[in-house]
Amino acid sequence: MSDVTMIDYASGVTAIDTRFAGTRMLAACHLLRDGNEAALVDVGSNFSVPVILSALAQKGLARSQVRYVCVTHVHLDHAGGAGEMMRQLPDATLVVHPRGARHMIDPSALYEGARAVYGAETMARHYGELIPVPEERVHVVRDGDRLPLGQRMLQFLDTPGHANHHYCMLDEAADVVFSGDTFGVSYRDFDTERGPFIMPTTSPVHFDPDAAHRSIDRLCALDPAAIYLTHFGEVTGIPRLADDLHAGLEAHVEIARRHADAGDARPQRIAGDLQDWFIGALRMHGVDWPERAIRKALALDVQLNTQGLMVWLDRQAASRQ
Ligand SMILES: [Zn+2]
């Protein structure tokens, strides 16, 4: 497979395009190496595994040199391919949040949960069968835990908000963070002279805005030189992006609350207002695409963010009863 897309950053980190869901530059697998050892952060789906293996080979890395497969959280665009990847990397350890570990060892509940959101056809097309990871190859990391990679130290931070099984990884020497979905998503297609456009992801089923705000503040307080987002790649200028994320979260919550009592019309109204909000924010950012093209590019994000906001509204309502 020669048409693998990789981006090498000055920090030494490489973003490998996993071609998740057959889409370019949607989800990255980040490769970090030090001396003879390497780590992968997030691995896409089963269908991403050959792409990532080909990238490793192009980098001159033997499969046995990969010491860690790190999954920031167990959503399937990050961890769906973890079982198959572990089968291909004989000496790797899977590094996972305490709340995600059992879903990697027995992925059946994860599969059913995702099928409920995406439907059976999408599951087959974009994910395939989820492969269990043998328990003895799974390493759980709690807040503040560290693991060595070559001469480096990797530190793991519990960062709920997007998902309650989510950690972020700090490379202490390089002063960079791997944020999974905690620091939102930022597609390179929307870069302008203002820099990256960034937006929150409120996917089902654990979205918690208060925790999300706190986790963003925690990453920002580390004052990292760069953050690596699974969707997609390196961003810098973190304080401005954190401000934009906080504002985006507030807008999402306000839109959800506005339509909380809309009954059956709720999903359509939330999605409509989210779309309008995204278009307005992109216009402010200097993106001059036709509205139709923006709607198409963000259709999946709007759908997932809407579903996550509805689950959050229902949880809020239930907790008031
Ligand atoms: Zn996620």
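Predicted model: local features only at pLDDT ≥ 70, side-chain atom pairs only at ≥ 80, totals over all residues.
Trainee: Where does Arg24 lie, and with which residues is it in contact once its neighbours within four places in sequence are left aside?

Mentor: Arg24 belongs to the loop between β2 (14-17) and β3 (28-34). With those neighbours left aside, Arg24 is in contact with Thr5, Asp17 and Arg19. Thr5 is 19 residues away from Arg24 along the chain, yet 8.7 Å separates the C-alpha atoms of the two.

Trainee: How should I read the overall composition, and how many helices and strands does the protein have?

Mentor: There are 11 helices and 13 strands. The radius of gyration is 19 Å, close to the 20 Å that the globule rule gives for 321 residues, so the protein is as compact as a globular protein of that length. The C-alpha trace spans about 55 × 45 × 40 Å along the principal axes, and buried residues make up 46% of the 321 residues. Where contacts between residues at least 6 apart in sequence are considered, 68% of them join residues at least 24 apart.

Trainee: For a sheet, I would look at strand order and pairing; in what order do the six strands of the open sheet run, and which are the edge strands?

Mentor: The order is β8-β9-β10-β11-β12-β13, with mixed pairing. The edge strands, each pairing on one side only, are β8 (146-149) and β13 (233-235), and from one strand to the next the twist averages 25°. As a local example, strand β9 (residues 152-158) pairs with strand β10 (residues 167-171) in the antiparallel sense over five bridges, and Leu157 stands opposite Cys168 in β10.

Trainee: For a helix pair, I would turn to the distance and angle between axes; how do helix α8 and helix α9 cross, and which residues make the contact?

Mentor: The axes of helix α8 (residues 238-258) and helix α9 (residues 266-285) come within 9 Å and cross at roughly 150°. Angles over 145 degrees count as roughly antiparallel, and this crossing therefore makes α8 roughly antiparallel to α9. The crossing in which α8 passes α9 is right-handed. On the α8 side the contact is made by Ala251, Ile255, Ala256 and Arg258, and on the α9 side by Ile270, Asp273, Leu274 and Trp277.

How values were computed. Residues numbered from 1 in each chain as written. Helix = DSSP H or I, 4+ residues; strand = E, 2+ residues; numbered from the N terminus. Rg over C-alpha atoms; globule rule 2.2 N^0.38 Å. Buried ≥ 20, exposed ≤ 12 C-beta atoms within 10 Å, placed from the backbone. Contact = placed C-beta atoms within 7 Å. Pairing = 2+ DSSP bridges. Axes fitted to C-alpha atoms, helices over the stretch in contact; angles between N-to-C directions. Parallel < 35°, antiparallel > 145°, perpendicular 65-115°, else oblique. Left-handed = near helix turned anticlockwise from the far one by under 90°.
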